[in-house]
Amino acid sequence: MSIKTATLNGVATIEIARPQKKNALTAEMYAAMAAALRAADADVSVRALLIVGQPGVFTSGNDIDDFMNRPPATSDAPVFDFMRALVGCSKPVVAAVTGAAIGIGTTMLLHCDLVYVSDEARLAMPFASLGLVPEFASSLIVPTLVGHAKAAEKLLLGDPFTAEEAVEMRIANAVLPAGEVVRHARRMAERFNALPPGAVRETKQLMRRAGSAAVLEAIEVEAAAFRQRLSSPEATEAFSAFFQKRLPDFSTFS
Ligand code: COA
């Protein structure tokens, strides 16, 4: 199974484990992650959740073969259910970004509470470059965090960025040496064992309250545009180019 779960010392870990495909996420993996998030949220022995990848890669984003051949058909598709499960999680979610975090690998961080990034990680939100549009409310949250000009570099141009820049952009808390990021993130997650869980949950809810309706609305609006874009000639060219290991050619599109 490409999603592994384990609960130890009050922390429920969700591990993305498909290293042969750089942890690309399939519909089955989103469904497993959504189920794991909800199970951990309901488990009274769990005080915090930890999302981790593999050494050198957090996740390369949505599986591009799935994008081409099994695109999400409705807003109930597993990818959107995963988004709602993460946004709705009442307990603290900590992310250990062990390496490359592309597409949803970066946008899911916007909905985690504490984010620690390996000094070797590269992040990117290359949706427009792939003929797509932003998802997971990133079109709303990224400009709010960093301003329109910086957001345009990341969402319009699709420029990748380093762990240091992720901290500057207020997406992440700290940069850690690659070999220490998971240990550090786990230690931070375990700190919730010493805190009153009810007050932590209520504080998280209050911190997210003002934005939550707008975030859920943005997810829906983006998802409708995203689903349409998946079958566009622009996206087809971008996906084909990825698998043919060539640069896409958008010169004939208008
Ligand atoms: N979907 C499907 N397969 C993927 C994938 C993805 N998102 N990311 C990587 N893979 C596959 C590759 O096709 C390759 O498969 P193969 O061995 O059968 O040829 C394998 O994983 C290794 O990937 P590769 O590109 O050779 O590794 P790399 O170390 O050179 O680069 C990345 C790593 C993550 C930078 C690069 O794979 C990448 O850019 N992936 C696509 C990211 C993306 O655009 N995601 C969608 C965002 S919306």
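Helices here are DSSP runs of at least four residues, numbered from the N terminus. The model is predicted.

**Stop 1: the ligand**

The shell holds 15 residues, and the closest are Lys21, Lys22, Ser60, Asn62 and Ile64. By class, the shell has seven nonpolar, four polar and four charged residues.

Now look at individual contacts. Pick Lys21: one of its polar side-chain atoms is 2.7 Å from a ligand oxygen atom. Move to Ser60. Here a backbone N or O atom lies 2.8 Å from a nitrogen atom of the ligand. Ile64 also uses a backbone N or O atom, at 2.8 Å from a ligand nitrogen atom. Taken alone, the ligand exposes 870 Å², and the protein buries 66% of that.

**Stop 2: the pocket around the ligand**

Which pocket holds the ligand? It is the second largest pocket. Its space comes to about 670 Å³. The lining has 28 residues, and those closest to the centre of this pocket are Ser60, Asn62, Ile64, Leu130 and Phe242. Colour helix H2 (64–69) and helix H10 (233–243): these are the elements that give two or more residues to the lining. H10 gives the most, with four residues. The lining divides into 15 nonpolar, five polar and eight charged residues.

**Stop 3: the largest pocket**

Next, select Leu110, Cys112, Asp113, Met207 and Arg208. Of the 35 residues lining the largest pocket, these are the closest to its centre. The volume of the largest pocket is about 970 Å³.

Which element supplies the largest share of this lining? Select H9, which spans residues 197–230. H9 supplies 13 residues of the lining, the largest share. H3, strand S7 (114–118) and helix H5 (138–146) are also among the elements that each supply at least two. By class, the lining of the largest pocket has 20 nonpolar, nine polar and six charged residues.

**Stop 4: the cavity**

How many cavities of 30 Å³ or more does a search of the whole structure find? The search finds one. The largest cavity holds about 60 Å³ of space.

Select Asn62, Phe67, Pro72, Val79, Phe80, Met83, Glu135 and Phe226 to see the lining of the largest cavity. Then highlight helix H3 (residues 78–88). H3 provides three residues, the largest share of this lining. The lining of the largest cavity counts six nonpolar, one polar and one charged residues.

How values were computed
Residues numbered from 1 in each chain as written. Predicted model: local features only at pLDDT ≥ 70, side-chain atom pairs only at ≥ 80, totals over all residues. Heavy atoms only, no water. Near = heavy atom within 4 Å. Polar contact = N/O pair within 3.5 Å; in protein donor to acceptor, adjacent residues only side chain to side chain. Areas by Shrake-Rupley, 256 points an atom, 1.4 Å probe, with all protein chains shown as cover. 1 Å grid on protein atoms, 1.4 Å probe; cavity = no way out; pocket = protein on both sides within 12 Å on 5 of 7 lines; lining within 4 Å. Sits in = over half its atoms within 2 Å of the grid points. Nonpolar A, V, L, I, M, F, W, Y, C, P; charged D, E, K, R; others polar. Points joined across faces, edges and corners; volume = space filled by probe spheres on them.
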